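Welcome, and please open your viewer with the sequence beside it. We will go from one selection to the next, with a short note on what to look for at each stop.

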Amino acid sequence: MTEVKYIIKDELGIHARPAGLLVKKCTDFKSDIKIGRPDKMVDAKRVIGVMALGMKCGDELTLTFDGADEKDAAVAVEAFLSENL
């Protein structure tokens, strides 16, 4: 299992547009990808779950990747976060 931590820098946090783009990026990979914070983790391939987290600017986001392509997924999703959130 691979884990990535990221602090949200976007002033609006994870709102509809970036949540949809993040989910789309995650569905490119076969690995099981979870997103959230220590008290609540959800499937990163489900937009409703990602939106329900209510992550705001300054919140620390944790992503876990588990599967055959977990390393590639972690690199790609971390790059996406840096560019978009």
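Start by selecting D39 and R37, which form a salt bridge with their closest N and O atoms 3.2 Å apart. A salt bridge here is a side-chain nitrogen of Lys or Arg within 4 Å of a carboxyl oxygen of Asp or Glu. D39 is exposed, at 63% relative accessibility, while R37 is partly exposed, with a relative accessible area of 25%. For these words, buried means under 20% relative accessible area, exposed over 50%, and partly exposed in between (1.4 Å probe, protein chains only).

A word on what is on your screen: this is a predicted model, in which local features need pLDDT of at least 70 and side-chain atom pairs count only at pLDDT 80 or more, while totals for chains, interfaces and linings use all residues. Residues are numbered from 1 along each chain as its sequence is written, and side-chain values use heavy atoms, with hydrogens and water left out.

How many salt bridges does a search of the whole structure find? It finds three. For another of them, select R46 and D43, whose closest N and O atoms are 3.8 Å apart. R46 is exposed at 56% relative accessibility, and D43 is partly exposed at 23%. Then move to E3 and K5, a salt bridge with its closest N and O atoms 3.7 Å apart; K5 is partly exposed, with a relative accessible area of 44%.

Next, colour the strands. Helices (H or I, at least four residues) and strands (E, at least two) are DSSP runs, numbered from the N terminus, and two strands pair if DSSP finds at least two bridges between them. Go back to R37: its bridge partner in strand 3 is K40. Strand 2 and strand 3 (residues 40-43) pair in the antiparallel sense over four bridges, and a hairpin of two residues joins them.

Now select strand 4 (residues 60-66). Strand 2 (residues 32-37) runs antiparallel to strand 4, with five bridges joining them; K34, for instance, has T64 as its bridge partner there. Strand 1 (residues 2-7) also pairs with strand 4 in the antiparallel sense, over six bridges, and T2 has F65 as its partner. Is strand 4 mostly covered or mostly open? Mostly covered, with five of its seven residues buried.

From here, look inside. A nonpolar core is a set of buried Ala, Val, Leu, Ile, Met, Phe, Trp, Tyr and Cys residues joined through side-chain atoms within 4.5 Å. The largest one has 25 residues, and those with the most contacts inside it include I33, L63 and F65. Helix 3 gives the most to this core, with five residues. Select I33 and show its surroundings: leaving aside neighbours within four places in sequence, its contacts (heavy atoms within 4.5 Å) include C26, V42, L63, F65 and A73.

Finish at E70, in helix 3 (residues 70-84). E70 is buried yet has no salt bridge; the nearest side chain of opposite charge, K71, is 4.6 Å away. For charge, Lys and Arg count as positive and Asp and Glu as negative, with His and the chain ends not counted. What does the side chain of E70 reach? It reaches the backbone nitrogen of M1 at 3.3 Å. Not counting residues up to four places away in sequence, E70 touches M1, T2, S31 and F65.

How values were computed
Polar contact = N/O pair within 3.5 Å; in protein donor to acceptor, adjacent residues only side chain to side chain.
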